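Hi there,

Here is the structure I promised to pass on. Have a look at it first, and then read my notes below.

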Amino acid sequence: MAAATGVILARVATRLRGRSCVPDDSALEEMITTVSDRVLIRIGRPDLSEVPKAAHSIVADATVKMVNLAGYEGVSSESVGEGGSISTSFVDGVLNEYEADFAILKSMNFDRAGNPIRKTVRFL
């Protein structure tokens with residue numbers, strides 16, 4: 001598990017604490033990976049090894065929404081595979097409300113690990 005996935009998993013688990021029928025960690029990790037992959041594509045940076053820290057809240061929010069929607073409204077298809085992984089076709093719809101955030105993230109520069117690169121000015 002990537003470091004960012006562990007951090008986001010802890011945030012998702014906190015938000016889901018006390019609820020019944022919460023998916024196990026492996027299913028949540030799969031959801032986080034799916035959302036993270038889609039976020040990287042939407043910000044035009046599928047080459048990054050991890051989602052930028054600035055997008056962790058988006059991934060956590062969208063993952064909780066996926067859990068809430070699983071088996072209910074907005075699900076056009078869902079399958080549970082071996083190991084508890086869940087494949088859904090509504091992830092993109094869940095992410096639509098973050099388009100303004102994605103536009104800002106697109107304009108930022110990140111290194112391959114997803115850390116922001118600050119522009120510097122050098123005086124000669």
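Let me start with a salt bridge: Arg 45 pairs with Asp 47, and their closest N and O atoms lie 2.9 Å apart. Asp 47 has a relative accessible area of 34%, so this residue counts as partly exposed. Please keep in mind that the model is predicted.

Another of them joins Asp 61 to Arg 15, with 2.2 Å between the closest N and O atoms. This one connects distant parts of the chain, as Asp 61 sits in helix 3 and Arg 15 in helix 1, 46 residues apart.

Arg 42 belongs to helix 2 (residues 25-42) and Glu 99 to helix 5 (residues 99-107), so the pair ties together parts that are 57 residues apart in sequence.

Now for the overall picture. The protein has 5 helices and 2 strands, arranged along the sequence as α-α-α-β-β-α-α. Of its 124 residues, 34% are buried. Among contacts with a separation of 6 or more, 65% are between residues 24 or more positions apart. The accessible surface comes to about 7400 Å², and carbon and sulfur atoms contribute 52% of it.

Helix 3 covers residues 56-69, and at 1.5 Å a residue its 14 residues should span 20 Å; the end C-alpha atoms are 20 Å apart, so the expectation and the model agree. Buried residues in helix 3 include His 56, Ile 58, Val 59, Thr 63 and Met 66.

In helix 1 (residues 3-16), I would point you to Thr 5. Its relative accessibility is 13%, so Thr 5 counts as buried. Which residues does Thr 5 touch, leaving aside its neighbours within four places in sequence? Those contacts are with Glu 29 and Ile 32.

Best wishes

Technical notes. Residues numbered from 1 in each chain as written. Predicted model: local features only at pLDDT ≥ 70, side-chain atom pairs only at ≥ 80, totals over all residues. Heavy atoms only, no water. Helix = DSSP H or I, 4+ residues; strand = E, 2+ residues; numbered from the N terminus. Buried < 20%, exposed > 50% of the residue type's maximum accessible area, 1.4 Å probe, protein only. Contact = heavy atoms within 4.5 Å. Expected span 1.5 Å × (residues − 1). Areas by Shrake-Rupley, 256 points an atom, 1.4 Å probe, with all protein chains shown as cover. Salt bridge = Lys/Arg side-chain N within 4 Å of Asp/Glu carboxyl O.
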